[in-house]
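The structure comes first, then the terms and the findings.

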Amino acid sequence: IGLPWKEFKALLEWSVKQKAPKQEPVEPPPADYIVAACEYAGTLSADAGAQFTLTARINVLKEKGWKRIPVLPATVALTSAKLPEGVYLHCDGKSYELLTMKVGAVDVVLEFSTAVATAAGINQVTFPRVLPGSCVLGLTVAREEVDVKVAGAQSLVKRPQEQATRVVAAL
């Protein structure tokens, strides 16, 4: 007994579809990236101003296309950047941003300087944090026994060092 080709083909296609694993639709991640770790380490002195190092681990979630990840405001002076292969630094006028097509963990180290305003013997350093989430600030002030305040700090620890004051704050 023979089976006509048309019926055999339909039966074969049905059989293949039954054996094929059902694929659930993949939802895109809720964000292009997340900041896994972020630390600012810096020094403040009367003659040298304020220098900082931003060390960040960013988990890039979006799989396809270019991603733009703002990391620092354009108001600071970038002095050095250590970036992994396939990650580029760009300034769009408002902020420095990372450009990449990579997916997964991206570790960056950015060194920068920022202005110090002095009024009535008080030094003030201000720059907006661009990276979202919490971070740790470690600051060494080149004076002993100084009062240090960090806007937005959830906790602040101050310790004297040799001719300096060391501050660690959680933001």
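A residue is called buried under 20% relative accessible area, exposed over 50%, and partly exposed in between (1.4 Å probe, protein chains only). This is a predicted model, in which local features need pLDDT of at least 70 and side-chain atom pairs count only at pLDDT 80 or more, while totals for chains, interfaces and linings use all residues. Residues are numbered from 1 along each chain as its sequence is written, and side-chain values use heavy atoms, with hydrogens and water left out.

**Salt bridges**

- The count is 3 salt bridges, each being a side-chain nitrogen of Lys or Arg within 4 Å of a carboxyl oxygen of Asp or Glu.
- Arginine 57 and aspartate 107 form a salt bridge, with the closest N and O atoms 2.7 Å apart.
- Aspartate 107 lies in strand S7 (residues 104-114) and arginine 57 in strand S2 (residues 49-60), so the pair ties together parts 50 residues apart in sequence; strands are DSSP runs (E, at least two residues), numbered from the N terminus.
- Arginine 57 is partly exposed at 37% relative accessible area, and aspartate 107 is partly exposed at 39%.
- Arginine 68 meets glutamate 97 in a salt bridge (2.6 Å, N to O).
- Glutamate 97 counts as buried, at 4% relative accessibility.
- Lysine 149 pairs with aspartate 147 in a salt bridge, the closest N and O atoms being 4.0 Å apart.
- Lysine 149 is exposed at 71% relative accessibility, and aspartate 147 is exposed at 59%.

- Phenylalanine 8 is found in helix H1 (residues 5-19), helices being DSSP runs (H or I) of at least four residues.
- Phenylalanine 8 is partly exposed, with a relative accessible area of 39%.
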